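My entries follow the display.

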Amino acid sequence: MSVSGLSKSNQNYLKAVWVLGEWSNVPVTATLIASRVGVRLSTASDAIKKLTEKGLLEHARYGSVKLSTEGRAHAVEMVRRHRLIETFLVEALDYRWDQVHDEAEQLENAVSDLLVERIDAYLGHPTRDPHGDPIPSPDGAVERPDASPLSEAEPGARVRVERVSDSDPALLEFLAGHGVVFGAELKIRPAAPYSDAVELVATADGATLSIGKSAADAVWVSDLA
């Protein structure tokens with residue numbers, strides 16, 4: 001069964017479980033799911049119970065929530081829809097990368113499987129979305145880049161931006177204004193002692209930027225040789 005056969009609510013819950021665990025090792029709980037979906041904990045708990053009964057989730061009492069094999073397939077299909085739509089909005093309709101998340105959230109539940117594949121073909125089968133997140137392939141394969149949070153980079157390191165979290169549009173707009181976007185190359189400079197800041201130099205133009213740890217945690221980078 002295609003993910004189109006599931007209700008919008010079920011689609012959203014399955015995608016939330018996937019996204020919460022994609023870039024984090026923190027156990028996915030009902031509380032985190034409720035926050036992600038935007039509902040009360042009791043509502044999320046009821047939905048998790050029903051999805052577990054349907055065989056789409058695995059959830060032991062008071063334990064973490066995981067996707068079953070079938071649930072993962074549906075979740076990844078929703079993630080593919082979302083990220084292809086984001087990419088289409090940027091590439092074809094000139095949206096900024098900080099504008100596309102909410103639009104994609106509205107559209108992903110309504111598009112048909114055919115439209116998703118037509119978008120994919122139109123874009124030339126992209127493998128990363130505007131924020132650097134991997135776009136799952138039609139068969140559900142996901143190639144996550146080898147990256148770690150910018151906050152963990154050592155002074156003197158040269159890095160490439162592989163992914164920026166899209167959870168805060170204001171942060172995306174700020175970072176884009178300073179050239180910190182997917183694919184950008186940066187050099188890390190020593191920050192002031194006890195400042196809890198990350199000092200960056202953009203390789204392209206030499207511009208410098210200082211950001212706090214919370215912003216640096218949202219940026220994932222790979223080392224450049």
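The entries below record what I looked up, topic by topic.

**Basis.** I worked from a predicted model, in which local features need pLDDT of at least 70 and side-chain atom pairs count only at pLDDT 80 or more, while totals for chains, interfaces and linings use all residues. Residues are numbered from 1 along each chain as its sequence is written, and side-chain values use heavy atoms, with hydrogens and water left out.

**Annotated region.** I found that UniProt, in an unreviewed entry, places the feature "domain: HTH dtxR-type" at residues 6–68; such annotations may be inferred rather than shown by experiment. The end C-alpha atoms of this span lie 15 Å apart, and 57% of it is helix and 10% strand. Helices (H or I, at least four residues) and strands (E, at least two) are DSSP runs, numbered from the N terminus.

**Largest pocket.** I looked up the largest pocket and noted about 540 Å³ of space in it. Of its 27 lining residues, Val19, Arg36, Arg163, Ser165 and Ser167 are the closest to its centre. Elements giving two or more residues to this lining are α1 (8–22), α2 (30–37), α4 (69–93), α5 (100–107) and α8 (213–217). The largest share, 4 residues, comes from α1. By class, I recorded 11 nonpolar, 6 polar and 10 charged residues in the lining. (On a 1 Å grid over the protein atoms alone, a pocket is an open set of points with protein on both sides within 12 Å along at least five of seven lines; a cavity is a set where a 1.4 Å probe fits but cannot get out; lining residues have an atom within 4 Å of a point.) Ala, Val, Leu, Ile, Met, Phe, Trp, Tyr, Cys and Pro count as nonpolar, Asp, Glu, Lys and Arg as charged, and the others as polar.

**Cavity.** I found 1 cavity of 30 Å³ or more; the largest cavity has a volume of about 40 Å³. Its lining consists of His178, Val180, Leu186, Leu200, Val201, Ala202, Ala207 and Leu209. Strand β6 (residues 197–202) gives the most, 3 residues. I counted the lining by class as 7 nonpolar, 1 polar and no charged.

Key: Grid points are joined across faces, edges and corners, and a volume is the space filled by probe spheres set on the points.
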